[in-house]
Amino acid sequence: MADLTSAIEWCSADPNLGVEVISEGGCQFRSVHDERELIHGVSRLAFWLRFSLKNSATVTSERWLRIGHPRLQSVTLYTRTAGGNWTATATGLDVPARDRPILTEVPLLPIALEANATRTV
């Protein structure tokens, strides 16, 4: 399991802002220097994380992103399609078990990585 802490950028914003607004500068991302920067306790804000993954292999691979704490209410992974649209995969306590990508104690989300490609999520 790889630790992505040093590769992550994060920001906090109004939870009513959508991924389009955030991706177009609606939130000021900053680098993570210490994993404690990602611990915020209970908050009404939405916390956004951004990082890139590289697949150097000649075949498509799948990685799993594990996020934080078992009591997280909602965790959504947004990925951009080749056509520029956003897809969302959600997990967390607010997401019914039947709708989660995998039923686990901590939020776990799949990331598909095309062969010889880098993907920002």
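The legends below describe close-up views of a predicted model. Local features are given where pLDDT is at least 70 and side-chain atom pairs at pLDDT 80 or more, while totals for chains, interfaces and linings use all residues. Residues are numbered from 1 along each chain as its sequence is written, and side-chain values use heavy atoms, with hydrogens and water left out.

**View 1. The salt bridge between Arg 50 and Glu 9.**
One salt bridge is found in a search of the whole structure; the term stands for a side-chain nitrogen of Lys or Arg within 4 Å of a carboxyl oxygen of Asp or Glu. The side chains of Arg 50 and Glu 9 form it, at 2.9 Å from N to O. Distant parts of the chain are linked by this pair: Glu 9 belongs to strand 1 (residues 9-13) and Arg 50 to strand 3 (residues 46-50), 41 residues apart. Strands (E, at least two residues) are DSSP runs, numbered from the N terminus. Arg 50 is partly exposed at a relative accessible area of 30%, and Glu 9 is partly exposed at 27%. Here buried means under 20% relative accessible area, exposed over 50%, and partly exposed in between (1.4 Å probe, protein chains only). The charged end of Arg 50 also sits over the ring of Phe 29, 3.9 Å from its centre. For such a placement, NZ of Lys or CZ of Arg must be within 6 Å of the ring centre and within 35 degrees of the ring normal.

**View 2. The aromatic pair of Trp 10 and Phe 47.**
A pair of aromatic rings is described by the distance of the centres and the angle of the planes. Rings of Phe, Tyr and Trp (its six-membered ring) pair if their centres lie within 6.5 Å; planes under 30 degrees apart count as stacked, over 60 as edge-to-face and the rest as tilted. The whole structure holds two aromatic pairs. One of them, Trp 10 with Phe 47, is tilted, with 6.4 Å centre to centre and 40° between the planes. Trp 10 is in strand 1 and Phe 47 in strand 3, so the pair ties together parts 37 residues apart in sequence. Trp 10 is buried at 8% relative accessibility, whereas Phe 47 is partly exposed at 34%. The ring of Trp 10 also has the charged end of Arg 30 over it, 4.1 Å from the ring centre.

**View 3. The aromatic pair of Trp 48 and Tyr 78.**
The ring centres of Trp 48 and Tyr 78 are 5.6 Å apart and the planes are at 20°, so this pair is stacked. Trp 48 in strand 3 and Tyr 78 in strand 6 (residues 75-80) are 30 residues apart, and their pairing links distant parts of the chain. Trp 48 is buried, with a relative accessible area of 13%; Tyr 78 is partly exposed, with 26%.

**View 4. Leu 113 and Ser 61.**
Leu 113 lies in strand 8 (residues 108-113) and is buried at 3% relative accessibility. Beyond its neighbours within four places in sequence, Leu 113 is in contact (heavy atoms within 4.5 Å) with Leu 53, Asn 55, Thr 60, Ser 61, Arg 63 and Arg 119. The C-alpha atoms of Leu 113 and Arg 100, 13 residues apart along the chain, are separated by 20 Å. Ser 61 is in strand 5 (residues 61-66) and is buried, with a relative accessible area of 14%. The side chains of Ser 61 and Asn 55 make a polar contact of 3.3 Å. A polar contact is a pair of N or O atoms within 3.5 Å; within protein, one must be able to donate a hydrogen and the other to accept it, and residues adjacent in sequence count only if both atoms are side-chain atoms.

**View 5. The largest nonpolar core.**
A nonpolar core is a set of buried Ala, Val, Leu, Ile, Met, Phe, Trp, Tyr and Cys residues joined through side-chain atoms within 4.5 Å. The largest has 13 residues, and those with the most contacts inside it are Phe 51, Leu 53, Leu 65, Leu 77, Ile 111 and Val 121. Its largest share, three residues, comes from strand 8. Apart from this core lies another, of seven residues, including Val 19 and Cys 27.

**View 6. Thr 79 and its contacts.**
Thr 79 is in strand 6 and is buried at 10% relative accessibility. Its side chain is joined to that of Thr 87 by a polar contact of 2.8 Å. Among the residues in contact with Thr 79, leaving aside neighbours within four places in sequence, are Asn 85, Arg 119 and Val 121.

Notes. Helices (H or I, at least four residues) and strands (E, at least two) are DSSP runs, numbered from the N terminus.
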